[in-house]
Amino acid sequence: MRLFLFIFKRDILLAIRRRRELANPLVFFIMVVSMFPLGVTPDHAFLAELSAGVIWVTALLAALMSMDNMFRSDYDDGSLEQLLLMPGSKVVLISAKIAAHWVSIGLPLVIIAPLMSFLLFLPAQALPSLIITLLISTPILSLLGAVGVALTLSLRGGGVLSSLLTLPFYVPVLIFSTMAINAAAVNQPVSGYYALLAAFLIISILLVPFAVVAALRVSYN
Amino acid sequence: MFTFLHKYASPQYFYSWSANWQKWSSVIAVLLMSVGLYYSLLNSPADYQQGETVRIMYVHVPAAWLSMFTYMVMAAAAIVALIWRIKVAEIMIGQCAFIGASFTALALITGMLWGKPMWGAYWVWDARLTSELVLLFLYFGVIALSGAFEDERTGARAAAILTLVGIVNIPIIHYSVEWWNTLHQGPTVSKFDSPSAHPSMLIPLLLMALAYKAYFFALLFKRARAELIFRERNTSWVKALLKESV
């Protein structure tokens, strides 16, 4: 636990010191969402129908964009190798890094998502489910993304490759989240979708750190 | 048991015993394929609703089965490669990914050709089509990752980890897509007590499925052997082998 807190605090502090870099995925999120009405139609009813999917797909892309800085700078300056050489559980270490990444990237996405929902006229009754699905699912995005990043860490131009590896794994998250939001928009029960997403989150928390540790071992060879 | 495993999985031994396996699985594949094609294309009834187009099933369904079977083989190879670091298993992962991607593409293409006359469209966003498409993406990921490293063995181990992450995710992806949208007919063969397909269609289908499996093993052994002697080109046994054959 002390190791977890230590790494978590360190990564948050590093993130705060580099806050401009952190803003990039958020700006990307806002920009891409605002491109859709320009490209499709400014029509109110049509955008309302589209909004859940658009916000979610854009959130996926923004999350993917930010994945690379989870390990990259630590890998480049060698501190990741030193951290892995420390005594103590590597799984805890990796979990702390992923948690810090989620707090610095995923949480801001959740916070500005309501704003995006106004731009796309998401029905008001669906707004809580948008926030809840984002809250449950963005940690999953960070976890699964960590695997892709860890596998491609030692490669040049690994960013694109890691997106290719990660996107198929995002399919269930995308499906359950948008289904929940669309169900909420027509006042249907949604708790089943939340339960499924939460189950997926728990499985990911339990299994993914092990896969990431194994992947980092391969990257360090 | 482990010494046994290591002996038979050592590149040199594998190369010599797999020659026979490759030969016999090719022979079985050709035999089954010719019988199966005869029955399925010429000597089986046309469907009362679908007419002659039902014959696409005999190439489509075995390809779809094989696309999933290949992933299982690949995952097994991945486990062996990660635990025992056996070179032959590492080679199998990359080769399985190529073969699996080809059969997934074949299943998708034959499915599109079958879908046009039946559903009136080449593509619908149906659950099975979508999960097959995602499977194709997973195969592409494994192929891309295993080829991205300068050191082949590192690439193989990275691909092995990705394969195992995928095997946990495939059921989740499958069911998520299933609940999302479905138009495809339910399974008609796996209900073994009372298959809803008539034997006159079921038997050619199973013959074709076995033929595909045999062809898969023939292909896998052939590709793995070729890749193996390429990777081991600087070892003494490959040089001796080359001298012998020249």
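Helix 10 (191–220) of chain A and helix 6 (152–180) of chain B are roughly antiparallel to each other, since their axes cross at roughly 170 degrees and angles over 145 degrees count as roughly antiparallel, under 35 as roughly parallel, 65 to 115 as roughly perpendicular and the rest as oblique. The model is predicted, so that local features need pLDDT of at least 70 and side-chain atom pairs count only at pLDDT 80 or more, while totals for chains, interfaces and linings use all residues. Residues are numbered from 1 along each chain as its sequence is written, and chains are lettered from A and ligands numbered from 1 in the order in which they are written.

**Contact between the chains**

- The axes of helix 10 of chain A and helix 6 of chain B come within 10 Å, where axes are lines fitted to C-alpha atoms, for helices over the stretch in contact, and angles run from 0 to 180 degrees between N-to-C directions.
- Residues of helix 10 of chain A including Phe200(A), Leu207(A) and Val218(A) meet residues of helix 6 of chain B, among them Arg157(B), Ile161(B) and Ile172(B), and by class this contact has 11 nonpolar, 1 polar and 1 charged residues.
- In that division Ala, Val, Leu, Ile, Met, Phe, Trp, Tyr, Cys and Pro count as nonpolar, Asp, Glu, Lys and Arg as charged, and the others, Gly among them, as polar.
- The contact of the two chains takes 21 residues from chain B and 20 residues from chain A, two residues being in contact if their C-beta atoms, placed from the backbone, lie within 7 Å.
- On the side of chain B that touches chain A, helix 5 (127–148) and helix 6 of chain B are the elements that give two or more residues, and helix 6 of chain B supplies the largest share, 13 residues.

**Helix 9 of chain A**

- Helix 9 (residues 171–185) of chain A is largely enclosed by the rest of the structure, because 12 of its 15 residues are buried; a residue is buried if 20 or more other C-beta atoms lie within 10 Å of its own, exposed if 12 or fewer, and partly exposed in between, with C-beta atoms placed from the backbone.
- The buried residues, including Val171(A), Phe176(A) and Ile181(A), pack against helix 3 (44–67), helix 7 (127–151) and helix 10 of chain A together with helix 5 and helix 6 of chain B.
- Just after helix 9 of chain A, Asn187(A) takes a positive phi of about 60 degrees.

**Within chain B**

- Chain B has 8 helices and 0 strands, where helices (H or I, at least four residues) and strands (E, at least two) are DSSP runs numbered from the N terminus.
- Of the 246 residues of chain B, 38% count as buried.
- Helix 3 (residues 57–84) of chain B packs on helix 6 of chain B at an angle of about 130 degrees, with the axes 9 Å apart, and that angle makes the pair oblique.
- The contact of helix 3 with helix 6 of chain B is made by residues including Met74(B), Ala75(B) and Leu82(B) of helix 3 and Ala160(B), Leu164(B) and Ile167(B) of helix 6.
- Ala75(B), in helix 3 of chain B, is partly exposed, with 19 other C-beta atoms within 10 Å.
- Leaving aside its neighbours within four places in sequence, Ala75(B) is in contact with Thr163(B), Leu164(B) and Ile167(B).

Note on methods: The expected span of a helix is 1.5 Å times one less than its number of residues.
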